[in-house]
Amino acid sequence: MPRTRLWIREETRMLGAIQIMTGILLDCLGLLWMYLFFTQIVAFGAAYTPIALLTAYPFWSSWLFIFSGAFTVLLEKRRSPFLVSYALVVNIISACISVIGLLLLSIEFIKYSKSSKNPLWPQKLVNSFRNICSY
């Protein structure tokens, strides 16, 4: 006898809200990285281009997380086999995209630690701190 009732846990709406908030935070982080990238050219005369900005990961992945969260919240409100399959596929894709983001960050940390002998930001911060303390 086939099951016609969909058993969906009550936490799916919360999962969707967390995915939407993660997407918004990731988009804001991308904007912050863009701001820091353009201000470092003015402050230091040199630019270090992060891999995440080259791939535009914060921007396209944030929309995927928001889309995935919206499907999950919609699934909680209207339960249908069609929405279950779409929400499941989109959640699997967003999990794969988050693994790609972790790999990009790991590569970024390794690349920066190997290439940078003198870090720029801490040097600038120490000089600013000394100027403030000298008053």
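Modeller: Happy to! Phe67 and Phe71 share helix α3 (residues 57-77), where they are 4 residues apart, about one turn of the helix. Helices here are DSSP runs of H or I with at least four residues, numbered from the N terminus. This is a predicted model, in which local features need pLDDT of at least 70 and side-chain atom pairs count only at pLDDT 80 or more, while totals for chains, interfaces and linings use all residues. Residues are numbered from 1 along each chain as its sequence is written, and side-chain values use heavy atoms, leaving out hydrogens and water.

Buried means under 20% relative accessible area, exposed over 50%, and partly exposed in between (1.4 Å probe, protein chains only).

Phe71 also forms an aromatic pair with Tyr86, a tilted one with 6.0 Å centre to centre and 40 degrees between the planes. Rings of Phe, Tyr and Trp (its six-membered ring) pair if their centres lie within 6.5 Å; planes under 30 degrees apart are stacked, over 60 edge-to-face, and the rest tilted. This pair joins distant parts of the chain, since Phe71 belongs to helix α3 and Tyr86 to helix α4 (residues 81-115), 15 residues apart. Tyr86 is partly exposed, with a relative accessible area of 40%. Together, ring pairs link Phe67, Phe71, Phe82 and Tyr86 into a cluster.

Key
Helix = DSSP H or I, 4+ residues; strand = E, 2+ residues; numbered from the N terminus.
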